[in-house]
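Reader: I am new to this one. Could you show it to me, please?
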Number of protein chains: 2
Amino acid sequence: MIIDRLYQEAVKKGPICVGLDTRLEYLPEYIKQANLKLEEKIFEFNRKIIDATLDDVACYKLQIACYEALGLAGLIAYAKTLKYIRKNGKIVIADIKRGDISSTAELYAEAHFSGDFEADFITVNPYLGRDAIKPYFKYLNRGEKGLFVLMRTSNPGSEDFQDLIVEDEPLYLHVARKIKEWGQEFKGEAGYSLIGGVVGLTYPQEFMEIKNNTADTFYLIPGYGAQGGTGQDLARILQDEICAVVNSSRGIITAHQGVDESENFAQVSREQVLKMKEDILQWLK
Amino acid sequence: MIIDRLYQEAVKKGPICVGLDTRLEYLPEYIKQANLKLEEKIFEFNRKIIDATLDDVACYKLQIACYEALGLAGLIAYAKTLKYIRKNGKIVIADIKRGDISSTAELYAEAHFSGDFEADFITVNPYLGRDAIKPYFKYLNRGEKGLFVLMRTSNPGSEDFQDLIVEDEPLYLHVARKIKEWGQEFKGEAGYSLIGGVVGLTYPQEFMEIKNNTADTFYLIPGYGAQGGTGQDLARILQDEICAVVNSSRGIITAHQGVDESENFAQVSREQVLKMKEDILQWLK
């Protein structure tokens, strides 16, 4: 099952997820000045970072908004990048946060689990309830694909609705437990479900509360580095169990800026990956 | 302001929104057999329906999942269709239900309010709170763009979270009131806000409850026809005030199937639009 593969990668390589949230201003000078189409420039940037970090990370994540913002050219680069990662035997998470009624979710499943935009995992918004989740089960049944459903986001506005109190508990806990419940039928050999949770690293206390209520859940954790989370925060939550991958994007893919704008720029990304790994693994002992 | 334009169109033409949720199996025989690329086939289908219904509808809505499911070709057709609708002076709603933290929402705003995928309105998922909404305000400030935020969806699974009780009231009412609050600074001449709400037609009682709590809100109402809502349901809610557009997709764009598979197929769509209009307007007197 794909979740077993992700778990093993996280154990072997470290629980590092590189966020390829590529924006034009991140491109090093040599790519900016190259005689290439927009989609080729973006892909070149991504490819270099992938090549340089392949052996040191568990997986990659692409925030599709970065590519949608560049229109059709962006989505061509998006499709090429997904393909390149999977061709290299690595796992890729499409951070698309889709959420819609069942007939529409079926189409999103088709869109992101097959064809041009095929990824291994996708992120999903649970607000519409079970209809927004179940259409993906067809792909989960084969063990080849997985979901990360938003449990608790780490942005300030998350308090507007996710913190509202329902039966003496915040809404996000109800959501997290429901996601755990949906995932029970999809457990892999390592004991984790194909339905994982997205939980921000900004509020470690709340994360612990969620973790205590969602055993067997594998987590996708955004918020390391640029968003403030540290390796020590993470270690407190994981408690020596590698049940998560931690995403860092800007901290890795913009590190070359003003440092190395040449064809070797991605070595700076690699150094950042190694630093992040050290920071996390030192606490996990 | 774009919401004034939408309101006037709804009053003049009837509050009809045609959902161009195009799927390959809907194409009439003559398009299926034509020697055209996939993206051209889809666009040809959409163009014919737009041409045939232009004078009788307030606006169009595209469910982007239908296009994403067809990969890059689908999104080329999506972009062409948006452009065609706007070139013809009509309003188009991109049903994308995006929802993400602020830096990402900024990119979604750029993606869907400019460039290849520019639409007039987009639908948004509120689950992440104010961060997921405010990045769009830059475009709303200019009066040129608007949002429809999910208030209450009409799918069975909506009960999982939207019906949970917070301070003696269902969550969806809290969400609806918050959306109304966000919209107060964006009111047009007709008194409606550029931030509208999406409310399903399946539960008229709940819709009334929402409406009583969200004065000055213009609604996008899915669920007419194929999903069960009738003109009479609608009239009870609107109470002679044209403060909504009602979307129908399959009821209009698949009506030709087995009836007319020729180049004139879209006349059948037009007839369905006229019937829908009659059904709605008879009750609105």
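Reader: Which residues of β10(A) are buried on one side and which on the other?
Author: A244(A), V246(A) and S248(A) are buried on one side of β10(A), and V245(A) and N247(A) on the other. A residue is buried if 20 or more other C-beta atoms, placed from the backbone, lie within 10 Å of its own. Strands are DSSP runs of E with at least two residues, and helices are runs of H or I with at least four, each numbered from the N terminus.

Reader: Is this a predicted model, and how is the numbering done, or what is it based on? What should I know?
Author: This is a predicted model, in which local features need pLDDT of at least 70, side-chain atom pairs count only at pLDDT 80 or more, and totals for chains, interfaces and linings use all residues. Residues are numbered from 1 along each chain as its sequence is written, while chains are lettered from A and ligands numbered from 1 in the order in which they are written.

Reader: What is the bridge partner of I221(A) in β10(A)?
Author: The bridge partner is V246(A). Strand β9 (residues 219-221) of chain A also pairs with β10(A) in the parallel sense, over three bridges.

Reader: Turning to the other chain, how many residues of chain A are in contact with chain B?
Author: There are 46 residues of chain A in contact with 46 residues of chain B, a contact being two C-beta atoms, placed from the backbone, within 7 Å.

Reader: And which element gives the most to that side of chain A?
Author: α6(A) gives the most, with six residues.

Technical notes: A residue is buried if 20 or more other C-beta atoms lie within 10 Å of its own, exposed if 12 or fewer, and partly exposed in between; C-beta atoms are placed from the backbone. Two strands pair if DSSP finds at least two bridges between them.
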